[in-house]
Amino acid sequence: MLFNLTEEHLMIQKAARDFAKDVLKPGVIERDEHQTFPKEEIRQMGELGFLGMMVDPKYGGGGMDCISYVLAMEEISKVDASCSVVMSVNNSLVCWGIETFGTEAQKEKYLPRLATGQIIGAFCLSEPEAGSDATSQKTTAIDKGDHYILNGTKNWITNGSTASVYLVIAQTHPEKGHKGINALIVEKGMPGFVVGPKENKLGIRGSDTHSLMFDNVKVPKENRIGEDGFGFKFAMQTLTGGRIGIASQALGIASGAYELALAYSKERKAFGKTINQHQAIQFKLADMATQIEAARLLCLKAAWMKDKHLDYGTASAMAKVFASKVAMDTTIEAVQVHGGYGFVKEYHVERLMRDAKITQIYEGTTEVQKIVISRALLA
Ligand code: CAA
């Protein structure tokens, strides 16, 4: 068993680290404060290839493996989780979903712009009354021959107002339950598609989260992804990969907070010595580093399994459930190491603590991941 990264992996990791430090860090506190979407930063991420990392180069992507994606996600998330959620949704849900299940025409139409960040995408599954219970879709896509008529509301949609392409999950044949659900590609500007107000959030405040309303939106049938009734399985399979992205985001939030705590502990003096000379702090740092290393290995294992086309559903759920807990625990401890400074914005760790929480909620809550894991164990 080899644990070493390739030269290419190390280059990608360094490129992401440098970009995060040079471009993302300077404005991150301001963007969080004012809930400003990182438009220019996302444009640059697209240019550098971070938004379509795994997409085939023939559709404008980087043709990289999932391990590279995990490494880049960790580095971007160390500094700005609002940028990394855009990166995660665009890469793992939207690009991967279209590339894996879309028609050739859909791939040619959408992927080159999505993979380079000229446009970004959104994934629309959650509803006011269907979050974890994702089969209970109330949004309807009524079959009208050559098109669908879409009606309903989606909630908490990442890239809600900034996306141009929306993958919308909706019920076509309610009598068939989850087998009657479809996934449709909806474009901004289609008549009847309205973006609701922006959510005022605890964390990832730079990311753009909205409700979406569909009022008799006419969607051509050629915009359906997969066969009639494939929508639920499309959502589940896409989210299985998405969870590696969010696990890596959680890993990055944790390692970002740990690095800040470590650096601070070397500077701050108390009781006549730097606080890293006190065992109380040393043990915190040891726990953080150990937990982060375990989370990193779970993320990389899930990515490796995906790259090898193995069944990675349980591995991705394990990575997400563990890394998101590590993100929560580590960021709380990083604030504690910083003491009073940890509670103010200039020191970054309070933001990382707020950002960590969402990783236990979106793309399947911790409880949903445990359903996925336990079902696999008991099957
Ligand atoms: N891959 C392929 N098929 C899958 C699958 C997977 N990973 N998981 C389930 N399925 C299939 C099942 O095999 C079953 O098919 P058959 O009937 O043909 O056997 C079908 O889907 C229904 O599966 P279940 O019976 O397991 O469905 P369930 O109602 O018990 O729900 C669940 C299972 C795991 C709880 C699921 O509903 C779920 O994952 N919920 C969470 C939804 C979620 O992650 N939402 C996140 C919103 S998106 C987001 O956050 C993006 C963002 O912007 C950041």
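This is a predicted model: local features need pLDDT of at least 70, side-chain atom pairs count only at pLDDT 80 or more; totals for chains, interfaces and linings use all residues.
## Strands side by side

Strand S3 (residues 147-158) runs antiparallel to S7 (residues 209-220), with nine bridges between them.

S7 has another partner too: strand S6 (residues 193-198) pairs with S7 in the antiparallel sense, over four bridges. Here His 210 turns up again, as the bridge partner of Lys 198.

In soluble globular proteins, nonpolar side chains tend to be buried together. The largest nonpolar core in this model has 93 residues, and Met 45, Met 87, Ile 98, Leu 167 and Phe 234 have the most contacts inside it. Helix H7 (residues 231-267) supplies the largest share of this core, 15 residues. Apart from it there's another core, of 18 residues, including Val 168 and Met 190.

Zoom in on Phe 234: beyond its neighbours within four places in sequence, its contacts include Gly 97, Phe 101, Phe 123 and Leu 167.

In one of them, Tyr 264 and Tyr 341 have ring centres 6.2 Å apart and planes at 55°, so the pair counts as tilted. Tyr 264 is in helix H7 and Tyr 341 is in the loop between helices H9 (313-338) and H10 (349-358), so the pair ties together parts 77 residues apart in sequence. Tyr 264 is buried, at 10% relative accessible area, while Tyr 341 is partly exposed, at 37%.

Elsewhere, ring pairs join Trp 96, Phe 101, Phe 123, Phe 230 and Phe 234 into a cluster. Finally, check out Lys 221, which lies over the face of Tyr 148, 5.4 Å from the ring centre.

Key
Residues are numbered from 1 along each chain as its sequence is written. Side-chain values use heavy atoms; hydrogens and water are left out. Two strands pair if DSSP finds at least two bridges between them. Helices (H or I, at least four residues) and strands (E, at least two) are DSSP runs, numbered from the N terminus. A nonpolar core is a set of buried Ala, Val, Leu, Ile, Met, Phe, Trp, Tyr and Cys residues joined through side-chain atoms within 4.5 Å. Buried means under 20% relative accessible area, exposed over 50%, partly exposed in between (1.4 Å probe, protein chains only). Contact means heavy atoms within 4.5 Å. Rings of Phe, Tyr and Trp (its six-membered ring) pair if their centres lie within 6.5 Å; planes under 30 degrees apart count as stacked, over 60 as edge-to-face and the rest as tilted. A charge sits over a ring if NZ of Lys or CZ of Arg is within 6 Å of the ring centre and within 35 degrees of the ring normal.
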